[in-house]
Amino acid sequence: MEFIIEKMRLSHVGQIASIERECFSTPWSETSLKAEIDNPNTIFFVAVSGGRVIGYCGMHSVCGENYIDNIAVSGPYRKKGIATALLRKLEETARAENGEFLSLEVRESNTEAVSLYLKNGYVKAGVRKNFYQQPAEDGIIMTKEIGQ
């Protein structure tokens, strides 16, 4: 499958919000997504195929620390390497900004996402009890050191 990864623009927000609603029980609103466009500590990317947003990712960066907000791919486009490509784009961006590590939380039950991160060199660094709501669930903290 052919797709490109580009920086999120205002024109992408509606499609990203749709993927949010598809993938998460507490999705980000369009207003929240729009606010990230001008946030100097944040970068979001989209995967686009045929003019359609099929996946996206975002990260906050502060003092060399990088926190992945979300990586999501619309259902029909999963298992095609899109999530891996988005994750690598975040890693490249963090390295280019002299980041030391990337960290994220993932639902304990999201075995596909946990597997993706483990395959890409992330390690389980801890647990945040009842981090998620709807339903309540622990969040696994996963981290990857990327510093030089």
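Q: What is the relative accessible area of E105, and how do I read it?
A: This is a predicted model, and the value is computed from it. E105 has a relative accessible area of 23%. Buried means under 20%, and exposed means over 50%. E105 is therefore partly exposed.

Q: Which side chain meets that of E105 in a salt bridge?
A: Start with the general idea. Opposite charges on side chains can pair when the charged atoms come close. Here the partner of E105 is R128, at 2.8 Å from N to O. The bridge joins distant parts of the chain: E105 sits in strand β5 (residues 101-107), R128 in strand β6 (residues 123-132), and 23 residues separate them. R128 has a relative accessible area of 37%, so R128 also counts as partly exposed.

Q: How many salt bridges does a search of the whole structure find?
A: The search finds seven. One of them joins E22 and R78, with the closest N and O atoms 3.9 Å apart. E22 lies in helix α1, R78 in the loop between β4 and α3 (82-96), and the two are 56 residues apart. Relative accessibility is 40% for E22, so E22 is partly exposed. R78, at 39%, is partly exposed too.

Q: In what sense do β6 and β7 pair?
A: Recall how a strand is built. Side chains in a regular strand alternate between the two faces of the sheet. β6 and β7 pair in the antiparallel sense, over six bridges. One of the bridge pairs is Y132 with E137, the latter in β7. The two strands form a hairpin with four residues between them. Q134 in the turn has a positive phi of about 55°.

Q: Where is I141, and which residues does I141 touch?
A: I141 is in strand β7 (residues 137-145). Relative accessibility is 14%, so I141 counts as buried. Leaving out residues up to four places away in sequence, its contacts include S103, L104, E105, V123, A125, V127 and R128. Two of these, E105 and R128, are the salt-bridge partners described above. Y56 lies 85 residues from I141 in sequence and 20 Å away in space, C-alpha to C-alpha.

Q: Which residues of helix α1 are buried?
A: In α1 (residues 13-23) they are V13, I16, A17, I19 and E20. Look down the helix axis: these residues fall within an arc of 160°, so they line one face of α1. Their cover includes α2 (30-37), β2 (42-49), β3 (52-62) and β4 (65-73).

Q: How much space lies in the largest pocket?
A: First, the idea. A probe the size of a water molecule, rolled over the atoms, shows where empty space is left. In this model the largest pocket holds about 1200 Å³. It is lined by 40 residues, and those closest to its centre are F24, I71, N110, A113 and Y117. The elements that give two or more residues to the lining are α1, β4, α3, β5, α4 (111-119) and β6.

Q: Which element gives the most to that lining?
A: β4 does, with seven residues.

Methods
Residues numbered from 1 in each chain as written. Predicted model: local features only at pLDDT ≥ 70, side-chain atom pairs only at ≥ 80, totals over all residues. Heavy atoms only, no water. Buried < 20%, exposed > 50% of the residue type's maximum accessible area, 1.4 Å probe, protein only. Contact = heavy atoms within 4.5 Å. Arc of directions from axis to C-beta. Salt bridge = Lys/Arg side-chain N within 4 Å of Asp/Glu carboxyl O. Pairing = 2+ DSSP bridges. 1 Å grid on protein atoms, 1.4 Å probe; cavity = no way out; pocket = protein on both sides within 12 Å on 5 of 7 lines; lining within 4 Å. Points joined across faces, edges and corners; volume = space filled by probe spheres on them.
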